[in-house]
Amino acid sequence: MAKNLVIVESPAKAKTIENFLGKEFTVRSSFGHVMDLNKKKLSVDVENEFEPQYEISPDKKKLVTELKKMAKEVDMVWLASDEDREGEAISWHLFNALDLKEEHSKRIVFHEITKNAILNAIENPRSIDKNLVNAQQARRVLDRLVGYELSPLLWRKVKPMLSAGRVQSVAVRLIVEREEEIQNFKSTSAFRTLAEFTVSEGKNKQVFTAEYSERFPDFDNAKAFLEKQVGAQFSVFSVEKKPGKKSPAPPFTTSTLQQEASRKLGYSVANTMRIAQNLYESGLITYMRTDSVNLSDFALAAAKEEIEKVYGKEYSKTRNFTTKSKGAQEAHEAIRPAYMNKSSVDGTREEKRLYDLIWKRTIASQMSEAKLEKTNIQVQSTTADKYFVASGEVIKFDGFLKVYIEDSDEENGEQESDLLPPLAKDEKLDLLKMTSTEKFTKYPPRYTEASLVRKMEELGIGRPSTYAPTISTIQKREYVVKENRDGVDRKIQNFELKDGKIKESVFTEIAGAEKGKLFPTDIGTLVNRFLMKHFDDIVDYNFTANVEKEFDDIAAGKNDWKKIIKSFYGPFHDKIEQTQDNSGKFSGERFLGQDPKTGKNVFVKIGRYGAMVQIGDTDSEEKPSFAGLQKGQSLETITFEEALKLFEFPRNLGDFEGEKVVVAIGRFGPYVNHKKLFYSIKKDQNPAEISLDQAIDIINEKREAEKLKIIKEFKEDETVQVLNGRYGPYLTIDKQNYKIPKGTDPAGLSLEDCYAIAKDPKNLPKKKVFKKKK
DNA sequence: CAGTGAGCGAGCTTCCGCTTGACTT
């Protein structure tokens, strides 16, 4: 056994560091936090100074025992978790959980994984910073109190299984409020006029486009303007040239990597992180959960060398970027290639593409700026008051643009800068054609996963390690759905002036189509309304930023963490109790009208299982009847007629193979029921209009698919089947599933083999880790 | 997985931030 044990947070880091340190050092990892509050209970003693009740996390028990044993056998334990609030707490937890002694343990920190940085850290140890630990305790306890007092209130007032928290509830609010903005947005239109010119005399007949600097509010004005331009003379009024430059973006942080991978590669936030994790574990990139744009001296030097070698000296410019994001803790470097001279890697297509993005972004960040020349031209007409303007851009020196261009979120990328022909003042121009086209203003963009992350980072809510999980949480709770939506056709009016004649035309464009955007659900909207009404301070966009300032004071030793929590918890808990006692169910109920058949009231509201329509009052003698809303329908927008339609199920379509075929709508959407079997109806078919023949098609299709699933059946025992599942072949006996041991040919199994597999407890599927939905 | 929704009451759910595998039908 070596004389020293170093404990870091990540196993990949442990492996690298062990190589730097030599035989005297063993390096292990804690896999993150090892202690936490118990998941089942509040675990904060609110009566007694908010004392947190920590325990060793259930999944870390084995690890802690192991580390404890190792710690006893070495002379010195070096606690080398990250240098931030959470890292300090991890060291403190390890100190406690491993029963360490002051004289046998030291706290060390480093920001980059280089031999010098590690050796330097070993030479400059310190003790655990209790103030920083206390700041973490305040953060942890605050989040627990908010989450574990608000969520149960939601279970009682809105719906079971819901959740609320400092981070997720603000993320939901952003999406709900953006949707409200969009719904309230009134699109207006104006006519945009473009003209194509060439010079009248000379050789260069290059065509360029200029836009008239006024937009016309309506059809008549646009038409009048174009009519006036018939027969007009055009000439260059002014030519203005000025130099410009562009600088590269800083290297990637978690947030910017997620955004660019989404824009350029179309990866979801979770997917990007999974791929980055693989690259990190293969030693190809630095740590992928970081808020720092800093590069180590080693990386700066390596980038410089690579750029000078490949592109030449004039392309290199060493830069140090400083972070602008709120609450950044900068325990790591930016995300960069481990080796700058490795411009591509082996791996899956996804890994290659993400690595390429990281390599280019990092290299570009160390390259010189691009030099441009911008040209603005004004064209005058003898019959117009204002000018037509055109702008062009010429790249004089490409610099970093040679390697990498950052994408933007702007959806209307209409500011295309054309290359302009050489033009002089007063030069005569020929008009080729002029068009005036109706343009509609666009509502603010809906969030994508990545643009939501950017907004969260801007507000300082969430951390690099939680962006992806938070986005999955708000979708799992069904506050938000990621969806594509079809647009609607919109008529566009257009004029064209050519050869002295004006042509009118109308064409259609698709407006409002969305791909992979986040939409709030009814339940998300309702929960947000509830929180805004009773807990507006918690979902305030500045709540996190403000408490972060308090945590900073605690970390600086200027304030006591329990005092801070106390001043928050008093009023917060009062509000919890008040809302609990004084407000009723928060169901978002909306009255739609009176049922023409019975005269009873018809409502929509959120029930135990989601949005539903109710006919009849809850407190009336006769039990009300209910129907769940269908996919795509919403509490806010469903009409009285649509609501009544939901009660037309189940529909009996007729007989097939001697038994009834029934269409109905269930928990999982519309389905066909026949011989006690269920068949889902696809989205593009309307369950209210489906015919018997169409239903039979659905039944037969499913039967075909089932047949393909079967690899092997046995006449002797029909409960035994070898099937093809989502995760490869498996065995099912009497509705119990079993894994087939590796290396067995599923098609060659005999009935006896199957029984044998079933007997071995090894082949039982593991217990479900995730909870059942219901 | 499957057609629920009153009310009774038991027993369940839930936060954020650090980390990876093991595993799913």
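# A guided look at chain A

Of the 774 residues in chain A, 46% are buried. Keep in mind as you explore that this is a predicted model. Chain A contains 19 helices and 30 strands, and its C-alpha atoms fill a box of roughly 95 × 80 × 65 Å along the principal axes. Sequence distance is worth a thought too: among contacts between residues at least 6 apart in sequence, 69% join residues at least 24 apart.

**A parallel sheet and its helices**

- Let's start with an open sheet of four strands, whose order is β2-β1-β7-β8 and whose pairing is parallel.
- The edges belong to β2 (25-29) and β8 (105-107); each has a single partner strand, so one side of each is left without a neighbour in the sheet.
- On average, neighbouring strands of this sheet are turned by 20° against each other, if direction is ignored.
- Five bridges hold the parallel pairing of strand β1 (residues 4-8) with β2, and here you can find V6 opposite V27 in β2.
- Helix α2 (residues 61-73) lies across β1, β2 and β7 (76-79), and runs at about 165° to β2.
- Helix α3 (residues 85-97) also packs on the sheet, where it touches β1, β7 and β8. The direction of α3 makes about 175° with that of β8.

**Two helices side by side**

- Next, look for helix α5 (residues 130-157) and helix α16 (residues 561-582), whose axes come within 10 Å and cross at roughly 5°.
- Angles under 35 degrees count as roughly parallel, and therefore α5 is described as roughly parallel to α16.
- On the α5 side, the residues in this contact include L142, L145, V146, E149, L150 and L153. On the α16 side, they include W561, I565, F568, Y569 and F572.
- The residues of the contact of α5 with α16 divide into 13 nonpolar, five polar and three charged.

**The nonpolar cores**

- How many residues are in the largest nonpolar core? There are 110, and L150, V158, L354, L452 and F535 touch the most other members.
- Helix α5 turns up again here, as it supplies the largest share of this core, with nine residues.
- A second, separate core has 25 residues, among them A195, Y212, A222 and A232.

**Strand β21 and its two partners**

- Is strand β21 (residues 610-615) mostly covered or mostly uncovered? It is mostly covered, with six of its six residues buried.
- Strand β20 (residues 601-607) pairs with β21 in the antiparallel sense over six bridges, and a hairpin of two residues joins β20 to β21.
- Within that pairing, I606 stands opposite A611 in β21.
- Strand β22 (residues 625-628) also runs antiparallel to β21, and four bridges join β21 to β22.

Definitions and conventions:
Residues numbered from 1 in each chain as written. Chains lettered and ligands numbered in written order. Predicted model: local features only at pLDDT ≥ 70, side-chain atom pairs only at ≥ 80, totals over all residues. Heavy atoms only, no water. Axes fitted to C-alpha atoms, helices over the stretch in contact; angles between N-to-C directions. Parallel < 35°, antiparallel > 145°, perpendicular 65-115°, else oblique. Contact = heavy atoms within 4.5 Å. Nonpolar A, V, L, I, M, F, W, Y, C, P; charged D, E, K, R; others polar. Pairing = 2+ DSSP bridges. Core = buried A, V, L, I, M, F, W, Y, C linked by side-chain atoms within 4.5 Å. Buried < 20%, exposed > 50% of the residue type's maximum accessible area, 1.4 Å probe, protein only.
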